[in-house]
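Thanks for coming. I will go through one model today, starting with its strands and then moving to the spaces inside it.

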Amino acid sequence: MTDARMTTTGADWPAWQESWDRQQEWYMPDREERFRIMLDMVEALVGPAPRVLDLACGTGSITARLLARFPDAVSTGVDLDPALLAIAEGTFAGDERVRLVTADLKDPDWPTRLPYDSYDAVLTATALHWLHSEPLAVLYGRIAELVRDGGVFLNADHMIDETTPRINAAERAQRHARMEQAKRDGALDWAEWWQVAAQDPALAGPTAERFEIYGEHADGDMPSVAWHARVLREKGFTEARPVWSSPSDTLLLALK
Ligand SMILES: C[S@@+](CC[C@H](N)C(=O)[O-])C[C@H]1O[C@@H](n2cnc3c(N)ncnc32)[C@H](O)[C@@H]1O
């Protein structure tokens with residue numbers, strides 16, 4: 001980290017990025033592979049210098065990996081969490097390629113806050129399961145309007161197939177047993193991570209604010225891959241299918 005960044009912001013943003021990644025990997029050990037395939041598909045379909053919308057960007061995990069791999073890309077990060085956005089702002093301070101926007105994706109007018117009215121790629125990870133199906137379908141309509149013809153939407157998330165209950169239960173039991181072991185080895189879970197964030201003077205205020213906005217956590221109903229693909233087609237995408245999956249997660253690609 002540069003001295004200038006420390007002086008300007010007063011927090012160790014690279015350390016916060018690292019700590020956020022470890023916490024997310026506790027839930028998804030294959031998170032980096034998901035990001036890698038996501039960017040492979042961006043390159044394959046819209047090339048190596050895309051204009052990207054990092055939807056529900058959090059600390060800007062997708063944006064950081066995008067710019068590391070494609071230095072000529074530009075990114076708009078949109079999120080509602082003031083603490084995660086503070087980490088993103090500290091991380092990308094002075095980088096002209098990045099714009100960060102505060103907005104609630106459940107507000108139908110959120111696209112009016114964006115600096116562009118069209119994107120080559122809208123990318124999102126581990127976020128849209130916070131929304132229930134009805135607002136998610138509305139959001140998919142907004143995303144379809146924002147993606148240019150020939151552009152892509154990629155969503156990496158937990159999508160539940162209700163037709164495979166025994167497989168789901170076995171996968172879940174194994175995943176949770178591994179998480180418990182990782183916790184015994186010192187991994188921080190979501191709640192513990194936020195307790196640590198609240199101790200950093202630069203994040204204490206925004207952390208208190210984010211709990212007022214969200215409460216402890218917000219889970220939607222996590223519909224199936226088939227639901228996501230069908231709704232994306234109904235909203236204006238011409239093709240939609242998974243391009244990667246793990247036992248628990250799917251990366252869905254929709255092409256307009
Ligand atoms: C688990 S984080 C994932 C962040 C990032 N994509 C990553 O993979 O590290 C989920 C993000 O979704 C955001 N989010 C959830 N609901 C939202 C909403 N209604 N409007 C804006 N952002 C939302 C949260 O604030 C949070 O930053």
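This is a predicted model: local features need pLDDT of at least 70, side-chain atom pairs count only at pLDDT 80 or more; totals for chains, interfaces and linings use all residues.

Strand 2 and strand 3 (residues 98-102) run parallel and are joined by 5 bridges. Strands pair here if DSSP finds at least two bridges between them. Asp79 is the residue that stands opposite Thr102 of strand 3.

Residues are numbered from 1 along each chain as its sequence is written, and side-chain values use heavy atoms, with hydrogens and water left out.

Back to strand 2. Arg51 has Val74 of strand 2 as its bridge partner. How enclosed is strand 2 (residues 74-79)? Of its 6 residues, 5 are buried, so the strand is largely enclosed by the rest of the structure. Buried means under 20% relative accessible area, exposed means over 50%, and partly exposed is in between, using a 1.4 Å probe and protein chains only.

Now the connections. Strand 1, helix 4 (residues 61-69) and strand 2 form a right-handed β-α-β unit. Strand 2, helix 5 (residues 82-92) and strand 3 form a right-handed β-α-β unit as well. Right-handed means that, with the strands pointing away from the viewer, the path from the first strand over the helix to the second runs clockwise. In the loop between strand 1 and helix 4 sits Ala56. Its phi is near 55 degrees, a positive value in a residue other than glycine.

Next, helix 9 (residues 201-214), which contains Leu203. Leu203 counts as buried because its relative accessibility is 1%. Which residues does Leu203 contact, leaving aside neighbours within four places in sequence? They are Trp13, Trp16, Ala83, Ala86, Ile87 and Ala197, where contact means heavy atoms within 4.5 Å. Take Ile87 from that list: Leu203 and Ile87 are 116 residues apart in sequence, and their C-alpha atoms are 8.3 Å apart in space.

On to helix 2, where we find Asp21. Asp21 is buried, with a relative accessible area of 10%. Setting aside neighbours within four places in sequence, Asp21 is in contact with Arg31, Ser61 and Arg65.

Tyr27 also lies in helix 2. Is Tyr27 buried or partly exposed? At 29% relative accessibility, Tyr27 counts as partly exposed. Not counting residues up to four places away in sequence, Tyr27 touches Arg175, Met179, Asp189 and Trp190. Tyr27 and Met179 are 152 residues apart along the chain, with their C-alpha atoms separated by 7.1 Å.

Tyr27 brings us to the second largest pocket. That pocket is lined by 17 residues, and Tyr27, Pro29, Asp30, Arg175 and Arg178 lie nearest its centre. Helix 2 (13-27) and helix 7 (165-184) are the elements that give two or more residues to the lining. Helix 7 supplies the largest share, 6 residues. The volume of the second largest pocket is about 300 Å³. Its lining has 8 nonpolar, 3 polar and 6 charged residues.

Since the definitions matter to this audience, here they are. On a 1 Å grid over the protein atoms alone, a cavity is a set of points where a 1.4 Å probe fits but cannot get out; a pocket is an open set with protein on both sides within 12 Å along at least five of seven lines; lining residues have an atom within 4 Å of a point. Grid points are joined across faces, edges and corners, and a volume is the space filled by probe spheres set on the points. For the classes, Ala, Val, Leu, Ile, Met, Phe, Trp, Tyr, Cys and Pro are nonpolar, Asp, Glu, Lys and Arg are charged, and the others, Gly among them, are polar.

Last, the cavities. How many cavities of 30 Å³ or more does the structure hold? It holds 1. The largest cavity has a volume of about 40 Å³, and its lining residues include His129, Asp157, His158, Met222 and His228. By class, that lining has 6 nonpolar, 3 polar and 1 charged residues.

Met222 is in the loop between helix 9 and helix 10 (225-234). Met222 has phi near 50 degrees, a positive value in a residue other than glycine. Its relative accessibility is 14%, so Met222 counts as buried.

Technical notes:
Helices (H or I, at least four residues) and strands (E, at least two) are DSSP runs, numbered from the N terminus.
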